[in-house]
Amino acid sequence: MPTLVSVPALAKEEDSFLAGVPDEYRHYFNGRSPVPFAKRHWEFAGEPASIPLARAFLDTCAATRDSEFRYVFALLGTELATNAIRHSRSGEDGQTFVLKVTRGPNGLTLACRDNGRPTSAPSGEGGPLSAGPLAGDRLTAENGRGLALVDSFASAWGDNGHPSIRKVWFHLAYDLTGSSWPAA
């Protein structure tokens, strides 16, 4: 008779994943249909270890939608979170970034607020973004394709144009109208 190997309890893994999240907010990250909300936000530590928590937050905010919408929403939101860490002061020691999801009648809008231009950035780097069209070959590049994905797959997107306390946002229609996702 085969010997069964014990499986580690998921609660321990979940506890480490949600370390620092108060019990009353853990439902923001559980991946299940959320408590009804119009707006929901969370401030994340500006470090790469926060990305899985950000993805869980985004997936939970979109939990009432179909799997395709959830995937695209979490993908684009994770790109904005990663950009906040890599290309802004939010990625410096002790800094943070905020993700804010607004539920509308036609879709979800995500705004990512970072702490602006990094202190070590050369002049002109990390400044205002452009919400204009990005070159199509950026989607197949090895690096720097995050905003190209947002440009292609979001229904609409933009930024506030400020190099400090920058906000980049996108809207994703529930039926993916305006997105090239179904054609990709």
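In which sense, left-handed or right-handed, does α3 pass α4?

## Model and conventions

The structure is a predicted model, in which local features need pLDDT of at least 70, side-chain atom pairs count only at pLDDT 80 or more, and totals for chains, interfaces and linings use all residues. Residues are numbered from 1 along each chain as its sequence is written, and side-chain values use heavy atoms, with hydrogens and water left out.

## Helix α3 against helix α4

α3 passes α4 in a left-handed crossing (the near helix is turned anticlockwise from the far one by less than a right angle; clockwise would be right-handed). The axes of α3 and α4, the latter spanning residues 146-153, come within 9 Å and cross at roughly 145°, where axes are lines fitted to C-alpha atoms over the stretch in contact and angles run from 0 to 180 degrees between N-to-C directions. On the α3 side the contact (heavy atoms within 4.5 Å) is made by Val72, Leu75, Leu76, Glu79, Leu80 and Asn83, and on the α4 side by Gly146, Leu147, Leu149, Val150 and Phe153.

## Helix α2 against helix α3

Helix α2 (residues 51-61) packs with helix α3 (residues 67-87) at an angle of about 145°, their axes being 9 Å apart, and α2 passes α3 in a right-handed crossing. Among the α2 residues that meet α3 are Ile51, Ala54 and Leu58, and their partners in α3 include Phe73, Leu75 and Ile85.

## Ala45 in strand β1

Ala45 lies in strand β1, which covers residues 39-45, and touches Ser50, Gln95, Thr96 and Phe97, residues up to four places away in sequence not being counted. Ala45 and Gly91, 46 residues apart in sequence, are 8.3 Å apart in space, C-alpha to C-alpha.

Notes: Helices (H or I, at least four residues) and strands (E, at least two) are DSSP runs, numbered from the N terminus.
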